[in-house]
Amino acid sequence: MFGSIEVVWYIVLFVASIFGGFVGSLSGGAGMITMPLLLLSGLNPLQALATNKLQACVGSFTGAAHYYKNGLMDFQQSRICIAIAVIFSGLGAFAVQFVSLEILSKILPFVMILVGMYFLFSPKLSDEDRARTKYPLLLYASCAVASVYGGLLGVGIGSFVLMIFVSIAGYGLSKALAHSRVLVFSINLSSALLFIAGGNVLWILGILMCVGQMIGASLGAKLAIKHGAKIIRPVVICLCFIMSIRLIIKEFF
């Protein structure tokens, strides 16, 4: 009934999913909290990734729903990016079963450092939208690359997408976070469906973590909506540097 892991891990992972949902709705990066614990619990990598994608779907959808209800999300503006996310994340999820992720895992911490430095040093970060992007093809190409990575591994994907919407699309931080949640949901849904079809999801654990994600994502989205850039920016910066340090230690030491 409980699969190949001890019952105590269900409690640990439920609590982790609440915290992951909370952090994910503020900045992305929920997978950095839940994925290592899923692997530590004794699940094989495909089961861990599949179960993580399932609960991440619910967390990103919950956050996106809160942002949409508060008028921060416009599907008309994001419909092309959403379509790209669905297609390319599916390709990434299909490829993960056949490719080695070792090189990607070693590059990832340095990419996270660059993302953190962008949010730390950029003087233009606020809730004010800038002029509409002059480079729509660059925006779509960036979404495609992020979506493939989201399907492959997905760690830190929320922070990557957030940076894309701020730096290329020109959105203010709150609006960028809202649009990033929808895009991350599209990425998670597409890849989760492929994992479900492959029979890799541990359902009882996945549903329990989905409930935790709903609780955490609701709390995080409400906090972000209330305080905007004042809380989103420092959380993103801290998360990126914490993730990069943890990944460097894991991959190189």
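Which helix does Y149 lie in? Y149 sits in helix α6, residues 136–152, with helices (H or I, at least four residues) taken as DSSP runs and numbered from the N terminus. The model is predicted, so local features need pLDDT of at least 70 and side-chain atom pairs count only at pLDDT 80 or more, while totals for chains, interfaces and linings use all residues. Residues are numbered from 1 along each chain as its sequence is written, and side-chain values use heavy atoms, with hydrogens and water left out.

**Around Y149**

- Leaving aside neighbours within four places in sequence, Y149 is in contact (heavy atoms within 4.5 Å) with L104, L108, G154, V155, G156, I157 and F160.
- Y149 and V96 are 53 residues apart along the chain, and their C-alpha atoms are separated by 9.6 Å.

**Helices α5 and α7**

- α5 (residues 102–121) packs against α7 (residues 157–167) at an angle of about 40°, with the axes 11 Å apart; those axes are lines fitted to C-alpha atoms over the stretch in contact, and angles run from 0 to 180 degrees between N-to-C directions.
- That makes the pair oblique, the label left once angles under 35 degrees (roughly parallel), over 145 (roughly antiparallel) and 65 to 115 (roughly perpendicular) are taken out.
- On the α5 side, the contact is made by L108, V111, M112, V115, Y118 and F119, and on the α7 side by S159, F160, L162, M163, V166 and S167.
- By type, the residues of this contact split into ten nonpolar, two polar and no charged.

**Nonpolar cores**

- The largest nonpolar core has 53 residues, and L108, F119, I157, L162, F165, L173 and I232 touch the most other members; a core here is a set of buried Ala, Val, Leu, Ile, Met, Phe, Trp, Tyr and Cys residues joined through side-chain atoms within 4.5 Å.
- Helix α10 (residues 229–252) gives the most to this core, with nine residues.
- L173 touches F119, L125, S126, D127, L162, V166, A229, I232 and R233, if residues up to four places away in sequence are not counted.
- Another core lies apart from the largest one and has 20 residues, including Y10, M35, A48 and L152.

**Around G172**

- G172 is in the loop between α7 and α8 (173–197).
- G172 is buried, with a relative accessible area of 0%.
- Not counting residues up to four places away in sequence, G172 touches S126, D127, E128 and D129.
- G172 and G228 are 56 residues apart in sequence and 9.4 Å apart in space, C-alpha to C-alpha.

Definitions and conventions: Helix = DSSP H or I, 4+ residues; strand = E, 2+ residues; numbered from the N terminus. Nonpolar A, V, L, I, M, F, W, Y, C, P; charged D, E, K, R; others polar. Buried < 20%, exposed > 50% of the residue type's maximum accessible area, 1.4 Å probe, protein only.
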